[in-house]
Every structure is written in C-alpha cells, then in structure tokens.
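Please open the structure in a viewer and keep the selection tool at hand.

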Amino acid sequence: MMEEIDAYNSLIHMLIEERKKNPNKKPCLLNKLLEQQKTDPKNAMNDEVLAHNFTTMILAGTGTSGNTLTQAFYYMARQPEIYQKAREEVLRVCGSEGEPTLDQLNKLDYLTAVLKEALRLGNPAH
C-alpha cells in the first residue's frame with residue numbers, strides 16, 4: 001500500500017511541477033493557487049501543503065460526487081419517468097456526440113433539480 005501512496009504523491013508533485021513549467025489560463029483551483037505563489041508568496045501554500053490539499057480535495061470530491069450520482073441513479077431507477085425526462089433533457093440540450101460544454105450543463109435545469117432532490121433525500125441505504 002505504501003508503494004501506491006508514494007506513487008500517487010509523486011504523481012501529484014509531478015502535476016504541480018508540470019503546471020508550473022507550462023502554465024495555462026484555464027480557470028481551475030490549481031492555477032489559482034500556483035498564481036498565488038507568484039503574487040503573494042508570503043501567504044501562499046508551499047508545494048508540499050499544496051499537494052496535500054490537492055489530494056484532499058480530489059479524494060473528498062470523488063466520494064461526494066460518486067455518492068450523489070449513486071443516489072440520483074437509485075431514485076431514477078425507482079421512478080423511470082424521471083430518468084426518461086432527465087435523459088431527454090440531456091439529449092435535447094447536449095446532443096449525443098462529444099462532451100457537454102459548461103454552457104450546456106448550466107441549461108440542464110431538470111437534471112440539476114433531480115441531483116438536488118437526491119441530495120435532499122439523502123443516502124438510499126438508510
């Protein structure tokens with residue numbers, strides 16, 4: 001297990017170094033934190049703290065996102081008409097080819113409501 005953890009930590013540090021060498025202007029948390037290292041080094045996280053926080057955010061986000069999707073699919077499986085309506089909205093707004101854009105995702109009102117309702121109802125196992 002320690003080998004896997006070391007490999008993961010090496011990967012995170014490699015990603016940070018790569019982004020420092022080849023910065024881009026995409027709006028993401030890593031870019032913001034790296035920019036702060038340049039503009040406000042006294043108050044910025046060093047690379048080690050940045051790597052630990054980055055790992056925490058990835059792991060926390062993965063779990064909560066996965067749980068939310070699991071809950072939503074559980075409830076949609078129990079009510080196929082809701083699944084069908086959400087599916088039709090996704091196909092109408094995003095189409096069936098390629099990845100949806102942020103603009104398209106922001107137009108998925110019904111699917112957003114389904115996800116919020118799944119969060120409100122909580123874990124289906126309880």
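The model is predicted, so local features require pLDDT of at least 70 and side-chain atom pairs count only at pLDDT 80 or more, whereas totals for chains, interfaces and linings use all residues. Residues are numbered from 1 along each chain as its sequence is written, and side-chain values use heavy atoms, with hydrogens and water left out.

**The largest core**

Begin by selecting Ile-12, Ile-16, Leu-30, Leu-33, Leu-34, Leu-50, Ala-51 and Phe-54; these 8 residues form the largest nonpolar core. Such a core is a set of buried Ala, Val, Leu, Ile, Met, Phe, Trp, Tyr and Cys residues joined through side-chain atoms within 4.5 Å. Buried denotes under 20% relative accessible area, exposed over 50%, and partly exposed the range in between (1.4 Å probe, protein chains only). Helices α1, α2 (29-39) and α3 each contribute at least two residues to this core. Helices are DSSP runs (H or I, at least four residues), numbered from the N terminus. In soluble globular proteins, nonpolar side chains tend to be buried together.

Next, centre the view on Leu-50. Which residues is Leu-50 in contact with, leaving aside neighbours within four places in sequence? They are Ile-16, Leu-30, Leu-33, Leu-34, Gln-37 and Met-45; contact means heavy atoms within 4.5 Å.

Select Thr-55, which is found in helix α3. Is Thr-55 buried or exposed? Thr-55 counts as buried because its relative accessibility is 14%. Not counting residues up to four places away in sequence, Thr-55 touches Tyr-8 and Ile-12.

Then move along to Thr-68, also placed in helix α3, which covers residues 47-78. Thr-68 is buried too, at 15% relative accessibility. With residues up to four places away in sequence not counted, Thr-68 touches Leu-115, Ala-118 and Leu-119.

**A nonpolar patch**

Turn to Met-1, Met-2 and Ile-5, which make a nonpolar surface patch of about 360 Å². In a patch of this kind, residues have over 30% relative accessible area and no salt bridge, and nonpolar side chains (Val, Leu, Ile, Met, Phe, Trp, Tyr) are joined within 5 Å. Accessible areas come from the Shrake-Rupley method with a 1.4 Å probe; for residues, only the protein chains shown count as cover. Ile-5 belongs to helix α1 (residues 2-21) and is partly exposed, with a relative accessible area of 35%.

**The salt bridges**

How many salt bridges does a search of the whole structure find? It finds 3, a salt bridge being a side-chain nitrogen of Lys or Arg within 4 Å of a carboxyl oxygen of Asp or Glu.

- Select Asp-47 and Lys-20, whose side chains meet in a salt bridge (2.7 Å, N to O). Asp-47 lies in helix α3 and Lys-20 in helix α1, so the pair ties together parts that are 27 residues apart in sequence.
- Select Asp-103 and Lys-107, which pair at 3.3 Å, N to O. Asp-103 is partly exposed at 48% relative accessibility, and Lys-107 is partly exposed at 47%.
- Finally, select Arg-120 and Glu-117, with their closest N and O atoms 2.6 Å apart. Both lie in helix α6 (residues 109-121), 3 residues apart, about one turn of the helix. Arg-120 is exposed at 59% relative accessible area, whereas Glu-117 is partly exposed at 34%.

How values were computed: Patch = residues over 30% accessible without salt bridge, like charges linked within 9 Å, V, L, I, M, F, W, Y side chains within 5 Å.
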